[in-house]
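Please look over the sequence and the structure shown below. The paragraphs after them go from the overall fold to single residues.

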Amino acid sequence: LAHSSSITSVADFEQPVPAKNVAPKGPFASQYTNLCNARDGAKILFATDDWFAAADNLLKETPPIFDPDAYCEQGKVMDGWETRRRREEGHDWCLIQLSCRAEVMALELDTAHFTGNHVPKVSIEIADLSSEELSAFALKIPHAFERLL
């Protein structure tokens with residue numbers, strides 16, 4: 001039998017490269033400006049439910065991450081917008097103010113890490129409102145005006 005060297009320390013093991021648990025850049029990332037970025041002024045004005053994960057996560061510039069060991073009082077911590085299951089009719093929705101007025105050329109909806117509980121479909125509605133119209137509209141939605149400030 002040939003003699004094999006023994007390993008006596010963890011430092012003797014080849015250290016694995018950490019997994020990069022991120023979604024790839026979207027197809028529009030290099031062509032268009034992200035108008036839905038909190039750093040540039042986009043805001044969530046209203047969300048029907050923020051129980052598992054806040055709608056503000058939709059405005060993060062960074063790719064979503066997944067920590068399999070992260071839990072909180074509500075359950076699994078997710079890096080996206082996640083609501084409770086609905087027991088009644090209807091759907092969850094949020095109102096987003098973009099960072100600036102612009103013509104929307106493309107939309108990217110990233111459901112990375114929402115395997116098995118991602119939404120089956122979405123609908124998008126867009127409104128071009130003046131400051132006065134937005135203020136009047138926000139006054140009608142609970143807590144939206146405070147988020148504008």
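**From fold to residues**

The protein has two helices and four strands; helices (H or I, at least four residues) and strands (E, at least two) are DSSP runs, numbered from the N terminus. Along the sequence, they follow the pattern β-β-β-β-α-α. This is a predicted model, in which local features need pLDDT of at least 70 and side-chain atom pairs count only at pLDDT 80 or more, while totals for chains, interfaces and linings use all residues. Residues are numbered from 1 along each chain as its sequence is written, and side-chain values use heavy atoms, with hydrogens and water left out.

Of the 149 residues of the protein, 21% count as buried. Buried means under 20% relative accessible area, exposed over 50%, and partly exposed in between (1.4 Å probe, protein chains only). The accessible surface of the protein comes to about 12100 Å², with 55% of it belonging to carbon and sulfur atoms; such areas come from the Shrake-Rupley method with a 1.4 Å probe, and for residues only the protein chains shown count as cover. Contact means heavy atoms within 4.5 Å. Among contacts with a separation of 6 or more, 66% are between residues 24 or more positions apart.

Which residues make up the largest nonpolar core? A nonpolar core is a set of buried Ala, Val, Leu, Ile, Met, Phe, Trp, Tyr and Cys residues joined through side-chain atoms within 4.5 Å. The largest one has seven residues: L45, F46, L95, L134, A138, I141 and A144. Strand β1 and helix α1 (131-139) each supply at least two residues of this core. I141 is in contact with F46 and L95, leaving aside its neighbours within four places in sequence. Another core, of five residues, lies apart from it and includes A42, I44, A47 and L59. In soluble globular proteins, nonpolar side chains tend to be buried together.

A search of the whole structure finds two aromatic pairs. Rings of Phe, Tyr and Trp (its six-membered ring) pair if their centres lie within 6.5 Å; planes under 30 degrees apart count as stacked, over 60 as edge-to-face and the rest as tilted. F28 and Y32 form a tilted pair, 6.1 Å centre to centre with 50° between the planes. F28 is partly exposed at 29% relative accessible area, and Y32 is partly exposed at 39%. The pair of F46 and W93 is also tilted, because the planes of the rings are at 45°, with centres 4.9 Å apart. F46 lies in strand β1 (residues 43-47) and W93 in the loop between β3 (75-76) and β4 (94-97), so this pair ties together parts that are 47 residues apart in sequence. F46 is buried at 16% relative accessibility, whereas W93 is partly exposed at 37%.

Two further buried residues have contacts to follow. L35 lies in the segment before β1 and is buried, with a relative accessible area of 14%. L35 and L98 are 63 residues apart in sequence and 5.3 Å apart in space, C-alpha to C-alpha. Not counting residues up to four places away in sequence, L35 touches A42, L98, S99, C100 and A102. D49, in the loop between β1 and β2 (71-72), is buried at 8% relative accessibility. Beyond its neighbours within four places in sequence, D49 is in contact with W81, T83, R84 and D92.
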